[in-house]
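Colleague: I would like to learn how to read features off a model. Please show me the entry first, then we can go through it.

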Amino acid sequence: MNKGKVDVLLGLQWGDEGKGKVVDVLTPKYDVVARFQGGPNAGHTLEFEGQKYVLRSIPSGIFQGDKVNIIGNGVVLAPDLFMDEAKALEASGHELRSRLHISKKAHLIMPTHRVLDAAYEAQKGKDKVGTTGKGIGPTYTDKVSRTGLRVGDILENFEEKYAKAKARHLNIINSINLDKEQRFALNNQLTTLHKVEKKWLEGVEYLRQFPIVDSEHEINNLLKNGKSVLCEGAQGTMLDVDFGSYPFVTSSNTICAGACTGLGIGPNKIGDVYGIMKAYCTRVGAGPFPTELFDETGKKIRDLGHEYGAVTGRERRCGWIDLVALKYSIMVNGVTQLIMMKSDVLDGFDTIKACVAYKQNGQEIDYFPYNIEEGIEPVYQELPGWKTDMTKFTSEDQFPKEFNDYISFLEKQLETPIRIISIGPDRDQTIVRK
Ligand code: GDP
Ligand code: IMO
Ligand code: MG
């Protein structure tokens, strides 16, 4: 924790690294937790005291005492989904309305953005991205094309602005070239639009009950007064719109720089950058994944790691850790400390593999190339497994030699210290190294 600074915690792989769990664990050290990008495409899981929560738009610092949590300007917010999420938390006894602050400049995901998301995916056919269907791409598109609606818009003449944006979306939807079957499916979605819209407008009313703030002023004032802020990334670096496996990415900057634009803070305010990774690798949705396993080992990782999407329930694709991609992620984020999750999933393996280079068209390379879609073959180094149940460990002194060797190997390869090791989904199954 750095006083007067913003520490950033973000995913280094294709998302679902375990960001929610670690933000919850680290929150007691901070004054404020803030989300800076993404939207309800995120699913951040937390487990403690026998309860499990999945957060989509609400920051994962919400369960620790009375900490203020901020939804920053870089986030895209769906009022109906936000209402469901917040009401469920309120029903389970968590007070939100005074300490969950929402930026006026965050963009609103409209029901028609979700229809557009579906339409664009249908149009792409076999090349589809496999989005979460939450309208993320079309909402960020409107932001960049300067036609979006923002949270601050709900405070004045909202109906007029909404009607105008909706009419524009419907025009686009009707002009998209689709085959008969796809058009039929889309028309079905449009027939029920009024129902979705009713709930969405209820969500807008609900949103008004929260502090709607100029979050850039709030955060900078906090920093001026020596407070500490933890930023929670969503998705992962390999899904970053600039540096990820484009075009199979999300539509925001998931990297550390996204915290500057998504909250309105200067780069000199960034303190530590925590990069989080699994002891292996997963991906959900379409797109290249060099170390993906299609065999029994991949299935075993999926079963042991319960690798199914928190948002869509889709099977996550599983594979070995990819150090070439991780080095790239560490570079573009300026990672200062690493956090390794789900080590326990590999507890029973005889051997572990780590991708240390790629073979591209027969030639070995150790850097992350422009195109990983074709002709990439991972080069593996094999390490002995630790064959020990670590899930009840409470200190790093209990780690078996082979596991310590795995950690040292990764630290050497990645040239960055691993500071936290997670050995299970619960808040308590976390080991902070000395
Ligand atoms: P996020 O999107 O980065 O917050 O990650 P998700 O919540 O989508 O996915 C991580 C999943 O792994 C969740 O189901 C967590 O409860 C679970 N998890 C987190 N850390 C560990 C761990 O160390 N071991 C195991 N077995 N599960 C973990
Ligand atoms: P968290 O924060 C894993 C993936 C989708 C799809 C691509 C684009 O829980 O780690 P989008 O709906 O954003 O337009 O989809 O990005 N994706 C995620 N994968 N974890 C996530 O979030 C993701 N958010 C989006 O599967 O491939
Ligand atoms: Mg997730």
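Colleague: Which protein donors does the magnesium ion (ligand 3) have?

Modeller: First, the ground rules. This is a predicted model, where local features need pLDDT of at least 70, side-chain atom pairs count only at pLDDT 80 or more, and totals for chains, interfaces and linings use all residues. Residues are numbered from 1 along each chain as its sequence is written, chains are lettered from A and ligands numbered from 1 in the order in which they are written, and side-chain values use heavy atoms, with hydrogens and water left out. Now the metal. Donors are N, O and S atoms within 2.8 Å of the metal (3.2 Å for Na, K and Ca); water is not among the atoms, so sites may look incomplete. Here the protein donors are D16 (OD) and G43 (O), at 2.1 to 2.2 Å from the magnesium ion. The two are 27 residues apart: D16 is in the loop between β1 (6-11) and α1 (19-26), G43 in the loop between β2 (32-35) and β3 (44-48). Helices (H or I, at least four residues) and strands (E, at least two) are DSSP runs, numbered from the N terminus.

Colleague: Is G43 buried or exposed?

Modeller: Buried means under 20% relative accessible area, exposed over 50%, partly exposed in between (1.4 Å probe, protein chains only). G43 has a relative accessible area of 11%, so it counts as buried. D16 is at 23%, so D16 is partly exposed.

Colleague: Which residues are closest to ligand 2?

Modeller: A residue is near a molecule or strand if one of its heavy atoms lies within 4 Å of it. Ligand 2 is surrounded by 21 residues, and the closest are D16, K19, H44, T132 and T250. By class, the shell has eight nonpolar, ten polar and three charged residues. The classes: Ala, Val, Leu, Ile, Met, Phe, Trp, Tyr, Cys and Pro are nonpolar; Asp, Glu, Lys and Arg are charged; the others, Gly among them, are polar.

Colleague: What lies 2.6 Å from an oxygen atom of ligand 2 in the case of T132?

Modeller: A polar side-chain atom of T132. T250 also places a polar side-chain atom 2.6 Å from an oxygen atom of ligand 2. For Q235, a backbone N or O atom lies 2.8 Å from a ligand 2 oxygen. Taken alone, ligand 2 exposes 560 Å², and the protein buries 98% of that. Such areas come from the Shrake-Rupley method with a 1.4 Å probe; for residues, only the protein chains shown count as cover.

Colleague: How many salt bridges does a search of the whole structure find?

Modeller: Side chains of opposite charge can pair when their charged atoms come close. The cut-off for a salt bridge is a side-chain nitrogen of Lys or Arg within 4 Å of a carboxyl oxygen of Asp or Glu. The search finds 26. One of them joins K104 to D214, with the closest N and O atoms 3.3 Å apart. That pair spans 110 residues. K104 is partly exposed at 28%, and D214 is partly exposed at 31%.

Colleague: Are K278 and E307 buried or exposed?

Modeller: Both are buried. Their salt bridge has its closest N and O atoms 3.1 Å apart. K278 sits in strand β11 (residues 270-278), and E307 in the loop between α10 (296-304) and β13 (317-319). By contrast, D397 and K434 are exposed. They meet in a salt bridge at 3.0 Å, N to O. Shared partners also join D16, K278, E307, R316 and K342 into one salt-bridge network.

Conventions. A polar contact is a pair of N or O atoms within 3.5 Å; within protein, one must be able to donate a hydrogen and the other to accept it, and residues adjacent in sequence count only if both atoms are side-chain atoms.
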